[in-house]
Amino acid sequence: MLPDTFLAHMPDALARFRSAGCRIVTAESCTGGLLAAALTEAAGSSDVVAGGFVTYSNSMKTHALGVSAKLLEQYGAVSREVAAAMAQGALAHAPDANLSIAITGIAGPGGATRDKPVGLVWFAVGTSGAVDTVSHIFSGERWDVRTQAVRTALALLLDHAGRLAAE
């Protein structure tokens, strides 16, 4: 599981999400549900977390989130386009959520290509009106990549919660 030093910050993060009126849904691939687990670690998370999808395979991305097979074939699972579609699909399948985050990447040690190295992770944060995407290339072993991805996803969610609160 994630380090206690990281999880110790979750009650404060949940309070920030709560005050911003966030209902979060996750769509995770390479992190395999770690973000949802972190978000639900603290008591009282049910008023902030709507739920989550672990869509590790392409077929799950298609069936659970509605990501088109054509999009997956054209861009690959680890891409801006698929991350955005995952975030949109998560919102569409979680009617009480108003903020989604999608994570798709190559945690390693295999799976890399010349254009997509181990450590490449795409993130997409979705709201009813927009989807923002960003990528990072993390270093380290598989666990390092996955935990860095969770930390980054949480930071992105907190940033978007601040924007929602300001609206």
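1. In this predicted model, the largest nonpolar core comprises 36 residues, and Phe 17, Leu 39 and Ile 103 have the most contacts inside it. Two or more residues each come from helices H1 (4-7), H2 (10-19), H3 (34-39) and H7 (142-166), and from strands S3 and S4 (120-126). The greatest contribution is that of H7, which gives ten residues. As a general matter, nonpolar side chains in soluble globular proteins tend to be buried together.

2. Neighbours within four places in sequence aside, Leu 39 is in contact with Met 10, Leu 14, Phe 17, Ile 24, Thr 26, Ser 45, Val 49, Leu 154 and Leu 157. Another core, of 23 residues, lies apart from the largest one; among its members are Val 25, Ala 77, Val 82 and Ala 124.

3. After H4 comes Gly 66, with a positive phi near 80°.

4. The largest pocket has a volume of about 160 Å³. Its lining consists of 15 residues, of which Cys 30, Tyr 56, Gly 105, Ile 106 and Ala 107 are the closest to the centre. The elements giving two or more residues to this lining are helix H4 (58-65) and strand S3 (99-105). By class, the lining residues are six nonpolar, seven polar and two charged.

Technical notes:
Residues are numbered from 1 along each chain as its sequence is written. This is a predicted model: local features need pLDDT of at least 70, side-chain atom pairs count only at pLDDT 80 or more; totals for chains, interfaces and linings use all residues. Side-chain values use heavy atoms; hydrogens and water are left out. On a 1 Å grid over the protein atoms alone, a cavity is a set of points where a 1.4 Å probe fits but cannot get out, and a pocket is an open set with protein on both sides within 12 Å along at least five of seven lines; lining residues have an atom within 4 Å of a point. Grid points are joined across faces, edges and corners, and a volume is the space filled by probe spheres set on the points. Helices (H or I, at least four residues) and strands (E, at least two) are DSSP runs, numbered from the N terminus. Ala, Val, Leu, Ile, Met, Phe, Trp, Tyr, Cys and Pro count as nonpolar, Asp, Glu, Lys and Arg as charged, and the others, Gly among them, as polar. A nonpolar core is a set of buried Ala, Val, Leu, Ile, Met, Phe, Trp, Tyr and Cys residues joined through side-chain atoms within 4.5 Å. Buried means under 20% relative accessible area, exposed over 50%, partly exposed in between (1.4 Å probe, protein chains only). Contact means heavy atoms within 4.5 Å.
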